[in-house]
Amino acid sequence: MTKDYGEYFNIAHIEPQSQIYGPGERFVVWFQGCSLACDGCWNQDMWSFKSKDLVHRGHLLHSILNASGIKGVTFLGGEPLQQSENFWWLVQNIKDQSNLSVFLFTGYENDELTQLGHFENINKFCDIVAIGPYRSDRRNVNQQWIGSDNQIILYPEGSRELIKPQQVNQVEIVIESDERIRILGFPDENLKI
Ligand code: SF4
C-alpha cells in the first residue's frame, strides 16, 4: 500500500537533532500513516493516513541539507515506504547533495521489500536499514536502535556507515523551553521521571 500526497509528505513529527536513532547526531523524521498494524506498536497515533502535517518534499530536503551539526538523517514512522515515491526522491537528493548517512526504519519484512521492488533503491541510497515489524512478544529493550529482536539491522551494498549497533538501551529525554518533557526511544517500563 502507498499513499499519494502529490509532492508532499504527510509528516507526524520531526526532531532536528537526536542521538538515539542511529550513529551520531541525526535529523529524525516520523512519517504519518502505516497500514502494517504491528501488535504492540508504540506509535499507533501514526497509523492514520489522514493529513497531519503536509510538508513539500523540496522543503524537507532543504531543512535536512541546512541542518547544522548532524551526521545523518533517520526516517521512521508510520511507514516511510508507504510514501515511497517521495521518499526515494528525497534520499536520492540527500545522497547526491551531501555526505549525510541515511537510516531507514521499515516494518516490512525482507521478502515483502523484494516483492515491492525496494531493494535496488535501498542498496543505492541507504546506509542502514532496520527491517521488520515490531513484535511485542519479542520485545528487547537492550538492543540499540530496534525494539524487538526479530528486527534486522542491514548495511546495504552501498553503505558508507561503519558504526554497528551495541547491546544498550538508549532513551532521550527532551525538555522544551516551556518545561514540557518528551521521552524518545523504547524506555524500560520502570523508567520514571
Ligand atoms: S511498522 Fe512501525 S509504525 Fe507501523 S505498525 Fe509497525 S511499529 Fe507501528
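Contact here means heavy atoms within 4.5 Å, axes are lines fitted to C-alpha atoms, for helices over the stretch in contact, with angles running from 0 to 180 degrees between N-to-C directions, and helices (H or I, at least four residues) and strands (E, at least two) are DSSP runs numbered from the N terminus. The model is predicted, so that local features need pLDDT of at least 70 and side-chain atom pairs count only at pLDDT 80 or more, whereas totals for chains, interfaces and linings use all residues. Residues are numbered from 1 along each chain as its sequence is written, and side-chain values use heavy atoms, with hydrogens and water left out.

**View 1. Helices H1 and H2 against the sheet.** H1 lies across E1, E2, E3 and E4 and runs at about 80° to E3. H2 also packs on the sheet, where it touches E1, E2, E4 and E5, and its direction makes about 170° with that of E4.

View 2. Seven strands, in the order E3-E1-E2-E4-E5-E6-E7, form an open sheet of mixed pairing, two strands being counted as paired if DSSP finds at least two bridges between them. The edges are held by strand E3 (53-56) and strand E7 (152-154), each of which has a single partner strand, so one side of each is left without a neighbour in the sheet. From one strand to the next the twist averages 30°. Within the sheet, E2 and E4 run parallel and are joined by five bridges; phenylalanine 27 has valine 73, in E4, as its bridge partner.

**View 3. The largest nonpolar core.** A nonpolar core is a set of buried Ala, Val, Leu, Ile, Met, Phe, Trp, Tyr and Cys residues joined through side-chain atoms within 4.5 Å, and buried means under 20% relative accessible area, exposed over 50% and partly exposed in between (1.4 Å probe, protein chains only). The largest such core has 29 residues, of which Leu60, Ile64, Phe75, Phe87, Trp88, Leu90 and Ile94 touch the most other members. Among the elements that each supply at least two residues of this core are helix H1 (57-65), strand E4 (72-76) and helix H2 (84-97), and the largest share, five residues, comes from H2. Leaving aside neighbours within four places in sequence, isoleucine 94 is in contact with Leu61, Ile64, Leu65, Val73, Phe75, Leu100 and Val102. A second, separate core of 14 residues includes Val28, Leu76, Ile146 and Leu184.

**View 4. The buried residues of helix H2.** The 14 residues of H2 reach 20 Å from the first C-alpha to the last, close to the 20 Å expected at 1.5 Å a residue, the expected span being 1.5 Å times one less than the number of residues. Ser84, Asn86, Phe87, Trp88, Leu90, Val91, Asn93 and Ile94 are buried in this helix, and the buried residues of H2 pack against E1, E2, H1, E4, E5 and H4.

**View 5. Glutamine 151 in the loop between E6 and E7.** Glutamine 151, found in this loop, is buried, with a relative accessible area of 15%. Its side chain takes part in polar contacts (pairs of N or O atoms within 3.5 Å; within protein, one must be able to donate a hydrogen and the other to accept it, and residues adjacent in sequence count only if both atoms are side-chain atoms). The side chain of glutamine 151 reaches the backbone oxygen of glycine 132 at 3.2 Å, while a polar atom of that side chain lies 3.0 Å from the backbone nitrogen of serine 148.
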